[in-house]
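Hello,

Here is the structure I promised to pass on to you.

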Amino acid sequence: MPKLWNETIETHRRTVHDAILDATVELVRERGLLAVTMSQIAEKTGIGRATLYKYFPDVQTILLAWHGRMVAGHLEHLAQAVEREGDARLRLEAMLETYALMHRRMARHGFSPDLVMLLHRSEDAGRAQRRLHDMLRDALTAAARAGDVRDDMAADELAAFCTHALQAAVDLPSEAAVKRLVSLTLAGLRPFSGGA
């Protein structure tokens, strides 16, 4: 087959795949996790059920694929935020702020707690969480070497502190409040002065 034909087919498959993910998420938001069927997804996407089943075996698999796409995008966004900054302190601050703002925006998707639990139990979510932890640990290590972050605790412990502290961004009313939370988190990371 000619290369152009293969690229066209792959582009079509990717377009259908993405349309399935987007339609499913929209239906789940409207109706709830347990009320969505494969027939509804096929109808909303504008494809036949047989075609839908060639892509995905069930609604749960579609949602996990959507979540994987979203998380990969978030990790890429975090990496880009860090790359734009110069010194270790600014890179860490950019990472924490980007993470907190993404966390707040994700909470605004309007998903039910049962869907959130389903999505976060997947192996892909666990791998993404480890990648986030590693990125944060590396940023903290670099900032500690530069003297901007305390070195009396392991970087892994500080990374856990940051991720848990910034999860509070979910409940905050504004992006300004999120930035204040990031400032508070950064204050907890400052080197210990040792004064009495």
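In which hand, left or right, does α7 pass α8? The crossing of α7 past α8 is right-handed, where right-handed means that the near helix is turned clockwise from the far one by less than a right angle, and left-handed that it is turned anticlockwise.

Before the rest, a word on the source. This is a predicted model, in which local features need pLDDT of at least 70 and side-chain atom pairs count only at pLDDT 80 or more, while totals for chains, interfaces and linings use all residues. Residues are numbered from 1 along each chain as its sequence is written, and side-chain values use heavy atoms, with hydrogens and water left out.

Back to that pair. α7 and α8 pack at an angle of about 115°, and their axes are 8 Å apart. Axes here are lines fitted to C-alpha atoms, for helices over the stretch in contact, and angles run from 0 to 180 degrees between N-to-C directions. Helices are DSSP runs (H or I, at least four residues), numbered from the N terminus. On the α7 side the contact (heavy atoms within 4.5 Å) is made by Leu-132, His-133, Leu-136, Arg-137, Leu-140 and Thr-141. α8 brings Ala-155, Asp-156, Leu-158, Ala-159, Ala-160, Cys-162 and Thr-163. By class, the residues of this contact are eight nonpolar, three polar and two charged; Ala, Val, Leu, Ile, Met, Phe, Trp, Tyr, Cys and Pro count as nonpolar, Asp, Glu, Lys and Arg as charged, and the others, Gly among them, as polar.

α8 (residues 155-166) also packs with α9 (residues 175-189): their axes come within 10 Å and cross at roughly 160°. That makes the two helices roughly antiparallel (an angle over 145 degrees; under 35 is roughly parallel, 65 to 115 roughly perpendicular and the rest oblique). Here, too, the crossing is right-handed. Leu-158, Phe-161, Cys-162, Ala-165 and Leu-166 of α8 meet Leu-181, Val-182, Thr-185 and Leu-189 of α9, giving eight nonpolar residues, one polar and no charged. Buried residues of α9 (under 20% relative accessible area, with exposed over 50% and partly exposed in between, for a 1.4 Å probe and protein chains only) include Leu-181, Val-182, Thr-185 and Leu-189.

The other partner of α7 that I looked at is α4. Helix α4 (residues 59-84) and helix α7 (residues 123-145) pack at about 5° with axes 10 Å apart, and are therefore roughly parallel. His-67, Val-71, Leu-75, Leu-78 and Ala-79 of α4 touch Ala-125, Ala-128, Arg-131, Leu-132 and Met-135 of α7. Met-135 is buried, at a relative accessible area of 16%. Leaving out residues up to four places away in sequence, Met-135 touches Leu-75, Leu-78, Ala-79 and Met-95.

Two more residues may interest you. Thr-98, in helix α5 (residues 88-107), is buried with a relative accessible area of 13%. Its contacts, again not counting residues up to four places away, are His-77, Leu-78 and Ala-81. Ile-41 sits in helix α2 (residues 38-45) and is buried, at 0% relative accessible area. Beyond its neighbours within four places in sequence, Ile-41 is in contact with Ile-20, Thr-24, Leu-27, Val-36, Leu-52, Val-59 and Ile-62. Between Ile-41 and Thr-24 there are 5.8 Å, C-alpha to C-alpha, although they are 17 residues apart in sequence.

Enjoy exploring it!

Best wishes
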